[in-house]
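Please look over the sequence and the model shown here before reading on. The paragraphs that follow start from a single side chain and then widen the view.

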Amino acid sequence: MDDVLRPLIVVGGSVVLTLLLGWATDMLLRKADERHPETPLWGLLRRGRIPYQLVLCAALLRGSYVEARVFPEHRVGIGQTLTLVLIGSAAWLVIRIAAAVVETSYTRYASARAHRDPARVRRVRTQVTLIRRVVSAIVGVVAVAAMLLTFPAMRAAGASLLASAGILGIVAGVAAQSTLSNMFAGLQIAFGDMVRIGDTVVVDGEWGTVEEITLTFLTVRTWDERRITMPVSYFTSKPFENWSRGTPQMTGIVYWHLDHTAPLDAMRDKLRDIVRECPAWDGRAYDLTVTDTTPNTMQVRALVTAKDADDIWTVRVTVREQMIRWLADEHPYALPRINTAEAALRRSLDGHGPSPDGVPTARHAQGSPMEQ
């Protein structure tokens with residue numbers, strides 16, 4: 001009877017005590033979260049409930065397993081397993097607590113400066129993300145090392161490992177040169193303020209927003225919702241456009257190729273009306289000038305402004321579309337035309353021309369409008 005009750009009391013008591021302590025701790029964190037809604041710390045700490053209970057259960061079983069007298073011939077193996085579970089769950093709990101503290105600090109900082117200095121907030125967010133990943137990696141490495149040191153064979157091999165550490169370090173450095181360069185580039189990006197999460201960038205002709213930055217790669221979400229994953233070393237070795245660097249305000253350009261008779265003054269008035277009715281225009285500036293000319297057309301450029309990259313795109317497409325529609329409706333002669341005078345003259349010389357004297361009519365000379 002004692003062989004049945006003893007393990008049941010030891011194992012069952014450890015499990016029940018773990019569940020009770022886990023429930024009580026979760027209730028305390030929930031009440032603290034309800035009492036202090038201004039900080040997300042207590043709610044984030046509740047995410048560590050599972051590793052917390054694993055730590056408690058493994059510690060209780062590790063300390064009382066000998067008294068249970070279950071499978072005495074496997075006592076060493078079971079004790080080793082419980083030790084490994086304890087180390088792994090403790091590392092998991094430390095990572096969760098560190099993430100909760102870091103996330104809480106960032107949330108408070110962002111809520112205080114989101115409207116005054118959004119660029120600074122994005123920079124801190126990038127740094128916090130990379131710091132959290134570094135802490136997780138360090139804790140994971142320490143946990144794995146602690147697990148390995150629990151084996152007697154690994155402790156005996158420590159001296160030889162230390163003796164050959166120099167050679168192994170050189171070999172590993174050469175073999176992992178690309179990985180190490182990316183890791184250092186990730187740290188350089190985080191603390192050098194080159195690019196931040198949420199920045200609008202142009203890389204390899206692709207326009208998008210930085211969505212994720214790790215120690216080895218960076219993800220850019222393009223305007224059509226594609227994801228471009230690039231090594232972080234790219235941003236430290238090659239030039240790229242960062243539209244969010246400094247002030248997010250931007251100036252956009254819209255081009256048209258029009259006939260030389262296009263009404264420029266009327267177009268300037270129409271551009272003024274278009275931007276005033278466009279909510280994305282920030283009201284800073286607009287302009288319309290002729291920047292180039294060819295024998296058949298002239299190039300007209302409009303400059304418009306907006307508060308960020310998303311709004312400048314909206315202003316540009318709005319100005320382009322409404323100006324083309326207005327020209328087609330009010331001044332169709334201003335759109336590019338195909339010059340058919342030479343073809344009409346040849347037909348008239350062949351006896352099939354539009355007029356008896358061989359001169360093409362205005363209708364034939366004008367041709368038909370073409371869209372830009």
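**A threonine and its surroundings**

In this predicted model, a polar atom in the side chain of Thr 305 lies 3.2 Å from the backbone nitrogen of Ala 285. The side chain of Thr 305 also takes part in a polar contact of 3.5 Å with the side chain of Trp 281. Thr 305 counts as buried because its relative accessibility is 4%, and the cut-off for that term is under 20%. When the neighbours within four places in sequence are left aside, the residues in contact with Thr 305 include Trp 281, Asp 282, Arg 284 and Ala 285, and among them are also Met 250, Thr 251, Ile 312 and Val 315.

To see where this threonine sits, one can turn to the strands. Thr 305 has its place in strand β8, which covers residues 298-306 and runs antiparallel to strand β7, residues 281-293, with 8 bridges joining the two. These strands, β7 and β8, form a hairpin in which 4 residues lie between them, and Thr 293 has Met 298 of β8 as its bridge partner.

Among the contacts in the chain with a separation of 6 or more, 65% are between residues 24 or more positions apart.

Terms used: Residues numbered from 1 in each chain as written. Predicted model: local features only at pLDDT ≥ 70, side-chain atom pairs only at ≥ 80, totals over all residues. Heavy atoms only, no water. Pairing = 2+ DSSP bridges. Buried < 20%, exposed > 50% of the residue type's maximum accessible area, 1.4 Å probe, protein only. Polar contact = N/O pair within 3.5 Å; in protein donor to acceptor, adjacent residues only side chain to side chain. Contact = heavy atoms within 4.5 Å.
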